Amino acid sequence: LDVSMDSQNYFYTCLLSLWLHRFYIYSSVALGIGIWICIQFFTKPRKKDENGNGSPAAAEVPENKLVNGYVTSKAKEVYVAGVKIFYGSQTGTAKRFAKDLAEAVISLNLSAEVINMGDYDPDDSLTEETTSRNICVFLVATYTDGQPTETAAWFCKWLEEAVNDFRFGKTYLRGLRYAVFGLGNSVYVDHYNTVGRNIDRWLWMLSASRIMTRTQGDCNVAQSKHGSIEADFEAWKTKFLSRLQALCKGERKSCSGKCKKGKCKSQGKQSKESLDHEHGTLEYVNTEAEEFFETTSEEESDVEKAGDTNSIIDVEDLGKIMSHMKKAKEGGDRAGWSRESAGRKDEGEKREMITAALREALTKQGYKLIGSHSGVKLCRWTKSMLRGRGGCYKHTFYGIESHRCMEATPSLACANKCVFCWRHHTNPVGTEWRWKMDQPEMILQEAIENHQNMIKQFKGVSGVKADRFEEAMTAKHCALSLVGEPIMYPEINRFLKLLHQQNISSFLVTNAQFPEEIRNLEPVTQLYVSVDASTKESLKKIDRPLFKDFWQRFLDSLMALSEKQQRTVYRLTLVKAWNVDELKAYAELVSLGKPDFIEVKGVTYCGESAASNLTMANVPWHEEVVHFVQELADLLPDYEVACEHEHSNCLLLAHRKFKIDGEWCTWIDYDRFQELARDYERSGGAKTFTAADYVAKTPHWALFGSRERGFDPLDIRYQRKNKTKDVSGC
């Protein structure tokens, strides 16, 4: 019993002691709980960072483990499985870039697949890239009116519909990693790189992640950041490959360049403001916000880490976003002003028009390039007349000696991209002169030298007539119709004077987009304006002009032509199913410009080209051209069909004032023109002259309805067997 009482007393004593010291006990428990909470708080985020957030670039570092007494290593995490390169190309540039990029990727021991967007079904395959750990690269060109190329049209349409279709959801492409390089021309201000911007925006709106900022390649060498679109691509490719290597190592962010002892000091955190702006720009309220708020892959990863992908903005954060946008816009304005100032400062350091790639392409086509923006080429009719096989239609219509005609241009650039361009749009485009300029004396001297060197190659060739070969060594005519827009050259008047001083006649062709330049033009032996269509809609469709006010410029150019005193010509190119049904509209344009002559020629099919969808079906038969001309003549009481050159599928309508005493005088007295041009220059422009002052009688064989149908009887018509296409000529 005493033992029992002692146990109870001990128990009560312990309880009493605990009660008396309860404050210390409570404090110890609270301290322990606090320490546990702190440990949990500080260790969990670190584990999350170490173990990753679901991104392949943040995967856990593999550890060794013991299996059956042996130490084995886990398989290394694959951060990048390969690269898929999608291209949408019209002229082949994007395709060439895609192959080049694939070779560079393969050199890094990564797989690379080049995919034509026209052969790819995004509906079936694109979602696979969200888990494939591939990097998707999009090299896309912008085509006419900001539209995608034919091969990329379906892909873009599907992507746009996916963005606007609620059934796909905003996270449809989460996990897909991509980069975009756009191909465009900044001359087309309203549509510059539209397709690249759209694809980048649509992919991002479907929660795909950019691995680097979109880059826009520029064909306009005057504005290109690196001097040409090829250089733009090379610079982007270098950055892409560097980023790709970083991703392969599991790096989330690219290095800041401040690393020491192999440890990257790049900051991995993003501010709340960055997250807010990322959410806010998902709605793309306007295009300015889109441009200023281009996001990086890291920002997007942090948005994903935040959990909620709905683009809901807290009202209290709205002020921050607007402030950020305002600062970005002000920064952009300052940057634009700085670029403009720099442009003025470097006025004397303009870039050359001809890039290395363009020089290579034009040289392959037979051009002899002069300086930085000019060229000369031997016309096929020059070769033909050297052999006594007939001359071009200018020989028939105006008495040009085709073997003595030099085809050249002082400007390879043009303001149009005509569907029937026989140069397949390899030449540059522009609306004003922004390139380095060569002097006209140098251009003419090298043009003549190059022309003579090409003529020399025919010495001793079978069939070449010795007398014509000797004559051909001295150029007598210059057709400024090789390619481009000669009238864009700022020193075109000096160039024309130099031609006339060397007794070389001038035949200048312009595309009717520079009315003031036409008005300021010095006398030309014969001035052409290309009238490729008679309505605003068809002109835009056929010529694809760069100017927004192209139609007004076109009309003003025709009115400027009516003010010229020397010989003027409308040049109509008939494209079957495109512009052959506009007779009345053509007649109205004739009354506007009052040309001396109207050349009507069937379009020449230059072979298949990615830059044009013309086929042989668009080439009218000669009899169809004859029918068109006769119907047009019926609507023009002051004009008649004067000449025909069946071999060129071409006819000439002439104003009745050139029918003197019942005989056509469409030919030119070239010696008389040179005398008049010299008198004009000596008098400082006071002694003017007109087209009627240097006419010559047209021979019978050149007239419409003659048995020869425009072929010179002094030559022998030659029909080739197994004829290969030669599209050179004026």
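1. Let's start inside the protein: F397 and Y398 are both buried (under 20% relative accessible area, with a 1.4 Å probe and protein chains only). Their rings form an edge-to-face aromatic pair, 5.9 Å centre to centre with 80° between the planes. Here, Phe, Tyr and Trp rings (for Trp, the six-membered one) pair if their centres lie within 6.5 Å; planes under 30 degrees apart are stacked, over 60 edge-to-face, and the rest tilted.

2. A word on what you are viewing: this is a predicted model, where local features need pLDDT of at least 70, side-chain atom pairs count only at pLDDT 80 or more, and totals for chains, interfaces and linings use all residues. Residues are numbered from 1 along each chain as its sequence is written, and side-chain values use heavy atoms, leaving out hydrogens and water.

3. Which residue of strand 16 does Y398 pair with? The partner is F597, again edge-to-face, at 5.9 Å centre to centre and 65° between the planes. Y398 lies in helix 14 (residues 393-398) and F597 in strand 16 (residues 597-602), so this pair ties together parts 199 residues apart in sequence. Helices (H or I, at least four residues) and strands (E, at least two) are DSSP runs, numbered from the N terminus.

4. Both residues belong to one aromatic cluster, together with Y393, F397, F507, F658 and Y670. F597 has a relative accessibility of 0%.

5. Do keep confidence in mind: pLDDT, the predictor's confidence in each residue from 0 to 100, averages 80 over the chain, and 76% of the residues score at least 70. Where pLDDT is low, the predicted coordinates should not be read in detail.

Notes: Buried means under 20% relative accessible area, exposed over 50%, partly exposed in between (1.4 Å probe, protein chains only).
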